[in-house]
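Dear colleague,

Here is the structure for you to look over. My notes on it follow below.

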Amino acid sequence: MPQQSLYIDVDNGHQLHIRHIYSEHANDQTNVPILMVHGAIENGRIFYSTSGKGLGPYLAENGFDVYVMDMRGRGLSTPKINAESDFGQYETINIDLPACIDFVWQRCGQPMQLISHSWGGVLLASLLARYPSYLDQVRSNICFGTKRSITRQTLEKVLKVDIMWNRLLPFVAKQVGYFDAKKWRVGADSETRQSLAHSVAWVKRAPWIDPRDGFDYGHAAGLLNWPPTWHLTGVNDSLLGHAQDVKHFIEESNNLTAKFSLLGTTHGNLVDYDHNDILTHPKARADHFPQLVTWLKQH
């Protein structure tokens, strides 16, 4: 599948990178667009590779016009996150996601499908709750392993969330100026001090309130008429997208008509998927990816 890098200018000299993946016979004005949004400590490469692997190229092969976002400072967006980076998820919700949706809308001239992984789904839901006018530009919403708060009390949660995510990573970011997840081998990309602080505030079981200006996303979400939504997670996702926490997010956002699927061999799938390989496993192309295409074409 052909790929090209596109860039969007936002505030303070930042450029957002969008990877456009499309069929050679695609027409921006006819093929349904898809905007894909990654999660924390990662970038858009969770959805694609330059060799054509991943969900993005698969959807392009099936006739969709695919746009994969790199959040500010991640992936090929510039400048890269560094010690001077003074932005967090507030800018993602209020500036960057709107800019990407507007870009795809202006380029394609029709509503788009949204696909997100992990924390990207929380940020997209926050955008729609805060700016419900964007619902007119959305056909449907698919979320892989998306949860906001982690409610399960396990040893893994204590070690990886309570100690590492909530304490160690912010401490390192405070000392260095940011957290380089790739250097520390805990993720694919960096996080700023603010983005870490904001996610720490939200991953705890507490009200869905903006840490900066107090906007009540939980209340606003309860007033929405959500687009058709499908939440998927894997049976081996024991922490970052556990079924219990995904369902809690569905309830919290009052998206009660959302479809939920737990992917694993006991449910008829080829693999017991975890948090990342639900998107990257080679067998996904013959497993749940075709079901996604059918669902997307129905909406």
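Cys143 is buried, its relative accessible area being 2%. It takes part in no disulfide: the nearest cysteine sulfur belongs to Cys100 and is 17 Å away. Please keep in mind that this is a predicted model.

Cys100 is buried as well, at 0% relative accessibility. Its closest cysteine sulfur is that of Cys108, at 13 Å. A disulfide requires two cysteine sulfur atoms within 2.5 Å, so the sulfur of Cys100 is too far from that of Cys108 for a bond. The disulfide count for the model is 0.

Now the sheet. Eight strands form an open sheet with mixed pairing, in the order E1-E2-E4-E3-E5-E6-E9-E10. Strand E1 (3-9) and strand E10 (259-263) are the edge strands, each pairing on one side only. On average, and with direction ignored, neighbouring strands of this sheet are turned by 20° against each other.

One pairing can be described in more detail. Strand E2 (residues 15-21) pairs with strand E4 (residues 65-70) in the antiparallel sense, over 5 bridges. Within this pair, Arg19 stands opposite Val68 in E4.

Helix H3 (residues 119-130) lies across strand E3 (33-37), strand E5 (112-117) and strand E6 (138-144). Relative to E5, helix H3 runs at about 135°.

Regards

How values were computed:
Residues numbered from 1 in each chain as written. Predicted model: local features only at pLDDT ≥ 70, side-chain atom pairs only at ≥ 80, totals over all residues. Heavy atoms only, no water. Pairing = 2+ DSSP bridges. Helix = DSSP H or I, 4+ residues; strand = E, 2+ residues; numbered from the N terminus. Axes fitted to C-alpha atoms, helices over the stretch in contact; angles between N-to-C directions. Contact = heavy atoms within 4.5 Å. Buried < 20%, exposed > 50% of the residue type's maximum accessible area, 1.4 Å probe, protein only.
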